[in-house]
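Hi everyone, thanks for coming. I have one model to walk you through today, so please have a look at it while I talk.

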Amino acid sequence: MAIYRIATVPDPALTTPARSVPGVGPGVLRVLDNLAETLRSARGIGLAAPQVRILKRLAVVDTDDGLGTWDLINPELLEGRDERIGWDACLSIPGISGETLRCEWIRIRTLTRTGESVEMIATGLRARCILHEMDHLDGILFTDKAVRLFKDKPKESESDGEGPLIEKQP
Ligand code: NI
């Protein structure tokens, strides 16, 4: 396996819609394995292929909830409920976090590593994370839809709470 270099804004790969993969072969599995390795190394919870400049509809999520790493291959949202404002951040946008409105109950369709089409249900942070990664496949970043954005606190800061609020341009 290999660790990819993660693209950061304003890399154009991050705002370019990705293409569906025609099926699941060794090339797709290799990208998924490398995405998972890169995600672990970056200590993130989700990573989409466009974030490593591969414009294919592939992503991995692992929200540390005991459900393990999920591979998303040509994922589609079938149903979303329980829309809430919640925390959001992105490995491609270092130093900024925010709040977005996202569904915390979703039903999706994806291909599996053996090429079967399956439906999955996800809730809570895993649902938010899957929707964040699916946005990446359409070239959409959380900062495009955030209701509030915050500058992350410097690591040495001892104060509690969020860093300063960033004014969003209308
Ligand atoms: Ni992201």
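Of the 14 residues of α2, 12 are buried, so this helix is largely enclosed by the rest of the structure. By buried I mean under 20% relative accessible area, with exposed being over 50% and partly exposed in between, using a 1.4 Å probe and protein chains only. The buried residues of α2 include C129, H132, E133, D135 and H136. Helices here are DSSP runs of H or I with at least four residues, strands are runs of E with at least two, and both are numbered from the N terminus.

A quick word on the source: this is a predicted model, where local features need pLDDT of at least 70, side-chain atom pairs count only at pLDDT 80 or more, and totals for chains, interfaces and linings use all residues. Residues are numbered from 1 along each chain as its sequence is written, and side-chain values use heavy atoms, with hydrogens and water left out.

Back to α2: its 14 residues reach 21 Å from the first C-alpha to the last, close to the 20 Å expected at 1.5 Å a residue. That expected span is 1.5 Å times one less than the number of residues in the helix. After α2 comes G139, with a positive phi near 75°.

Now, which protein residues are the donors of the nickel ion? They are C90 through SG, and H132 and H136, each through NE2, lying 2.1 to 2.2 Å from the ion. Donors are N, O and S atoms within 2.8 Å of the metal (3.2 Å for Na, K and Ca), and as water is not among the atoms, sites may look incomplete. In sequence, the spacing of these donor residues reads C-x41-H-x3-H. C90 lies in the loop between β4 (76-89) and β5 (96-111), while H136 is in helix α2 (residues 124-137), so this pair ties together parts that are 46 residues apart in sequence. C90 counts as buried at 10% relative accessibility, and H136 does too, at 1%.

On to the strands. β5 pairs with β6 (residues 117-123) in the antiparallel sense, over 7 bridges; two strands pair if DSSP finds at least two bridges between them. I108 stands opposite M120 in β6. The hairpin of β5 and β6 has 5 residues between the strands, and in it G115 takes a positive phi near 85°.

Let me turn to some backbone details. Most residues other than glycine have a negative phi, and most peptide bonds are trans. R43 is not a glycine, yet its phi is positive, about 55°. R43 sits in the loop between α1 and β1 (46-48). Is R43 buried or exposed? At 77% relative accessibility, R43 counts as exposed. N74, also not a glycine, has a positive phi of about 50°; this residue is in the loop between β3 (70-73) and β4. At 17% relative accessibility, N74 counts as buried. There is also a cis peptide bond joining V9 and P10, with omega about 5°, and P10 belongs to the segment before α1.

One last stop, in helix α1 (residues 26-42), is S41. S41 counts as partly exposed, at 45% relative accessibility. The C-alpha atoms of S41 and G139 are separated by 23 Å, and the two residues are 98 apart along the chain.
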